[in-house]
Amino acid sequence: MGRFVKNSVLYLTATVCLKAASFLLLPLYSNLITPDAYGKVYMISSLITFLTLFLTFSMNSSIQRFFFDCKTGEEVCRMFSTVLYSVFSVSTIVVLALFAFISPAAQWLDVPNSYIAIALLTVYF
């Protein structure tokens, strides 16, 4: 029980520190970044979040569910390799397809092409 409490407090502290740092740095960011630039950064951040969910199929939930259904180590290996291969294959195909349409996507989102390229590379790696 003591180890659980210690780890929970550590996790909570890290989460609170991260949120506090974001909140405390907000005035600095608002002085350095124009609202237009912040809108573009937020648009790319939203794109990364969406693509991450789309490309990974939210496999973390399915892994947690099916891990305990596996009876042997071989079944666990098969499950993880299936997840790895499927996510890698689909992610590669989708990211390459999106790279082909980077200019229309950048015009649609009203951001530079390099922002879309960085977002795609961030999601892929």
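How many helices and how many strands does the protein chain have? The protein chain has six helices and zero strands, where helices (H or I, at least four residues) and strands (E, at least two) are DSSP runs numbered from the N terminus.

This is a predicted model, in which local features need pLDDT of at least 70 and side-chain atom pairs count only at pLDDT 80 or more, while totals for chains, interfaces and linings use all residues. Residues are numbered from 1 along each chain as its sequence is written, and side-chain values use heavy atoms, with hydrogens and water left out.

View 1. Read from the N terminus on, the elements of the protein chain follow the order α-α-α-α-α-α. The radius of gyration of the protein chain, taken over C-alpha atoms, is 20 Å, well over the 14 Å that the globule rule (2.2 Å times the number of residues to the power 0.38) gives for 125 residues, so the chain is more spread out than a compact globule. Its C-alpha trace spans about 55 × 45 × 15 Å along the principal axes.

**View 2. Burial in the chain.** Of the 125 residues of the protein chain, 17% count as buried, a term that means under 20% relative accessible area, whereas exposed means over 50% and partly exposed lies in between (1.4 Å probe, protein chains only).

**View 3. Tyrosine 85.** Tyrosine 85 lies in helix H4, which covers residues 73-100, and with a relative accessible area of 57% this tyrosine 85 is exposed. Tyrosine 85 and valine 9 are separated by 76 residues in sequence and by 36 Å in space, C-alpha to C-alpha.
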